[in-house]
Amino acid sequence: MTIEFTRRVVLGALPGLGLAGVAAAQSTGSRLAKPVDIAAYLEAWIDTYGRPTAKVMLNGAGPFSFMVDTGSTTSVIAQRHVATLGTPIVGMATVAGTTGVVDTQIAMLASIEAGAVKKQDLRVAVLPDANIPQMDGILGADVFAAKRLMFDIRNKSVKIESSQRSPRTSARPNMRVRNGLLAEIDGRVGTVKAKLMLDTGAERCIINTQLSEALRKAHPRLVRVDGAKLIGVTGHVVPGEHIALPEVEARAFAVDYATAVVANAPIFSLWDLDNEPALIVGVNLLSHLRSFSIDYGARTFDATLMPA
């Protein structure tokens, strides 16, 4: 039996899934401003902050280091752990990502534990070790749906907790969950309104062609540099261009400088975002935060700035 999963893939020329950084601000409306120099900081924070990861127990063994990817609906395990854990292969899946699709095996984990989450009989996609180096797997929203994720950038940690949703004390929702699993907020890029997808698995921001063209009209002087490309774990490559963005603003943050890659990436069609301006918010926008939270149950996003 073939099961279709949706799996976003990494952005950038590096072989791993890492952090890159620019800037962001907290919900109080504070802003962090700095001149844009695309060449200077495209790779600036990849090694400084590392990857958003969580300690995970698989079939009672571990802990394993899994990247927490809010842009993935499906969890992934590295091929090397399948035989070690005695995890049976139960079928094949078509894994759809940012740059294309690939057929892969599906393994059945007897149990997975990560923070407040414990699941049994979870089907996960199996990817070659070379496709996800330096990590044991990827936690997707099939594991942390309805939970609260707390990202501590300074201490390089992620906690998976129970949702803070409460009839009496919960914060007013400022986030939607697209397709039941993907965190989305309304925002603007310069003067252009856009859908912002919060994606901790993306090294850099990605904008679709609709947002790119809207920005070309509204902000014709933005710096654009050809030669960008998206390289996914599926092995496909999508060409694009680097762009220096105007201010990016949402309810929980405001950023006065950032860069992105413009690309006609298949992921936008997969997420039904190919007919309106959209920005995938990668960790180059999030990694200047001291911490941020995504609460899928309460439908809230909050953030605190890194001290100057």
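This dialogue reads a few features of a predicted model.

Reader: Where do I start with packing?

Author: With the general idea. In soluble globular proteins, nonpolar side chains tend to be buried together. Now this model. The largest nonpolar core has 60 residues. Leu139, Phe253 and Phe301 touch the most other members. A second, separate core holds 16 residues, including Met197, Leu230, Ala263 and Ile267.

Reader: Which residues of helix H5 are buried?

Author: General idea again. An α-helix has 3.6 residues a turn, so residues three or four places apart point the same way. Here, H5 spans residues 209–218, and its buried residues are Leu211, Ser212 and Leu215. Seen down the axis of H5, they fall within an arc of 100°, so they line one face of the helix.

Reader: How do strands S9 and S10 pair?

Author: In the antiparallel sense, over six bridges. S9 covers residues 147–152 and S10 covers residues 157–162. Leu149 stands opposite Ile160 in S10. Four residues lie between the strands of this hairpin. Lys156 takes a positive phi near 55° there.

Reader: How many aromatic pairs are there?

Author: Three. Take Phe151 and Phe292. Planes under 30 degrees apart count as stacked. These two rings have planes at 10° and centres 4.5 Å apart, so the pair is stacked. Phe151 lies in S9 and Phe292 in S21, so the pair ties together parts 141 residues apart in sequence.

Reader: What is the geometry of the pair Phe292 and Phe301?

Author: Tilted, with 6.1 Å centre to centre and 45° between the planes. Both Phe292 and Phe301 are buried. Phe151 counts as buried too, at 2% relative accessibility. Ring pairs link Phe151, Phe292 and Phe301 into a cluster.

Key:
Residues are numbered from 1 along each chain as its sequence is written. This is a predicted model: local features need pLDDT of at least 70, side-chain atom pairs count only at pLDDT 80 or more; totals for chains, interfaces and linings use all residues. Side-chain values use heavy atoms; hydrogens and water are left out. A nonpolar core is a set of buried Ala, Val, Leu, Ile, Met, Phe, Trp, Tyr and Cys residues joined through side-chain atoms within 4.5 Å. Buried means under 20% relative accessible area, exposed over 50%, partly exposed in between (1.4 Å probe, protein chains only). Helices (H or I, at least four residues) and strands (E, at least two) are DSSP runs, numbered from the N terminus. The arc is that of the directions from the helix axis to the C-beta atoms. Two strands pair if DSSP finds at least two bridges between them. Rings of Phe, Tyr and Trp (its six-membered ring) pair if their centres lie within 6.5 Å; planes under 30 degrees apart count as stacked, over 60 as edge-to-face and the rest as tilted.
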